[in-house]
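This briefing concerns the overall fold, the nonpolar core and one group of paired strands. Please consult the sequence and the structure shown below.

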Amino acid sequence: MSQTLIKNIHLLVTNDPALGKSELGLIENAGMVIENGKISWVGASESAPTAEKTIDAAGKAVIPGFVDSHNHLIFAKDRATEFSARMKGENYSAGGIATTVAATRKASDDDLLSNASRLVHEGLNSGTTTVEIKSGYGLTVKDESRSLHIAKQLTDETTFLGAHVVPSEYKGRADEYVDLICEQMITQVRPYAKWIDVFCDKGAFTTEQARKILKAGVAAGLKPRLHANQLQQGDGIALGVEVGAASVDHVSHFNSQDIEKLAASKTVATLLPGAEFSTRSIYPDARRLISAGVKVALASDCNPGSSYTTNMPLMIALAVREMFFTPEQALWSATKGGALALQRDDVGHLAVGARADFVILKESSYIHLAYRPGVNLIDEVWQHGKRI
Ligand SMILES: [Zn+2]
């Protein structure tokens with residue numbers, strides 16, 4: 001397999017502190033060699049080895065591809081009307097999910113796959129080279145199972161979210177629905193799912209129900225992650241740490257005990273600024289988490305209700321502007337942080353041996369991702385060593 005050298009990179013973000021300056025492992029005037037879909041060399045451009053193919057980055061910046069670790073892409077129809085109503089003053093509640101559940105149950109497999117594939121490609125074109133996809137709009141054994149079967153065709157990072165909301169046919173019988181998840185759904189989705197997730201919040205599932213579901217998932221070989229404290233302060237973060245969740249997601253509300261628990265654990269806090277943006281909610285202050293040593297990821301939370309975007313550069317801009325990340329912290333969280341949230345060490349960085357998933361920006365620095373919000377700064381996207 002041929003080697004490709006990318007030379008004249010004004011600023012290369014490796015996310016490996018051993019390779020360059022700061023946590024981002026920055027190398028100025030860098031070169032990078034790709035071989036067999038992986039990074040085989042990084043260093044100063046002038047000392048780069050020769051390769052069969054050479055690409056001149058012409059003074060642009062190169063960053064790792066974004067790792068978007070939280071998405072709900074298996075659904076039918078959008079909820080533009082609900083969004084419009086919310087922007088006119090209605091409050092967001094978890095109940096809106098039921099609209100998408102009804103549409104998703106009626107949709108064909110082909111329609112669900114083509115819609116999800118469209119969104120994966122939309123993300124890829126804006127630099128997302130690793131994407132996580134959840135189920136959660138089927139909420140029957142059959143519909144959750146087919147949702148994950150479809151998701152598995154698009155990514156290895158598939159998450160069973162049968163516990164998204166209690167479906168209307170189980171209204172007032174939430175515990176019976178929890179039993180259905182634990183006793184039937186988990187077994188059926190197991191071949192297609194890597195992760196298990198629960199929406200543990202007001203209007204969704206209680207901490208006790210979430211603990212039961214996560215434990216049943218872990219017993220079946222799924223790895224836990226959790227939607228926690230999006231809508232109110234609760235025990236979701238503590239539960240995530242208790243069960244060893246790879247990440248607790250949203251964390252729009254947290255207290256000092258939550259911070260201490262996260263900082264002492266391996267659980268990543270995944271912040272989803274697209275949800276605050278699209279629901280006109282108050283953003284959490286990421287400085288409190290980061291300064292305490294909590295590992296933080298950023299993801300787009302693409303879903304038709306509360307964050308209908310796949311755009312990670314927008315998440316970086318919002319994180320910097322609204323959540324008080326520095327541009328460096330935001331980029332790290334959108335790449336290496338996402339990889340940690342998915343427990344992946346082959347993506348989210350550009351050291352030797354990493355997957356050759358990277359983005360050539362149109363500008364000379366990653367700072368422009370926050371500094372020029374809404375502008376398409378993606379020049380080229382490479383995935384598995386191939387330019388897409
Ligand atoms: Zn979500």
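A nonpolar core is a set of buried Ala, Val, Leu, Ile, Met, Phe, Trp, Tyr and Cys residues joined through C-beta atoms within 7 Å. The model described here is predicted. The largest such core in the chain has 120 residues.

**Overall fold**
- The chain contains 13 helices and 17 strands.
- The radius of gyration is 21 Å, close to the 21 Å that the globule rule gives for 388 residues, so the chain is as compact as a globular protein of that length.
- Along the principal axes, the C-alpha atoms fill a box of roughly 70 × 45 × 45 Å.
- Of the 388 residues, 54% are buried.

**Nonpolar core**
- The residues with the most contacts inside the largest core are Leu12, Met32, Val62, Ile316, Ala319 and Leu331.
- This core lies between domain 1 (3–65 + 349–387) and domain 2 (66–341), because both give residues to it.
- Beyond its neighbours within four places in sequence, valine 62 has contacts that include Leu12, Met32, Phe358 and Ile360.
- In soluble globular proteins, nonpolar side chains tend to be buried together.

- Strand β2 (residues 26–35) is mostly covered, with seven of its 10 residues buried.
- Strand β1 (residues 3–13) runs antiparallel to β2 and is joined to it by eight bridges; threonine 4 has isoleucine 34 of β2 as its bridge partner.
- Six bridges pair β2 with strand β3 (residues 38–44), also in the antiparallel sense, and glutamate 35 stands opposite lysine 38 in β3.
- Two residues separate the strands in the hairpin of β2 and β3, where asparagine 36 takes a positive phi near 50°.

Definitions and conventions
Residues numbered from 1 in each chain as written. Predicted model: local features only at pLDDT ≥ 70, side-chain atom pairs only at ≥ 80, totals over all residues. Helix = DSSP H or I, 4+ residues; strand = E, 2+ residues; numbered from the N terminus. Rg over C-alpha atoms; globule rule 2.2 N^0.38 Å. Buried ≥ 20, exposed ≤ 12 C-beta atoms within 10 Å, placed from the backbone. Domains from an automatic or database assignment. Contact = placed C-beta atoms within 7 Å. Pairing = 2+ DSSP bridges.
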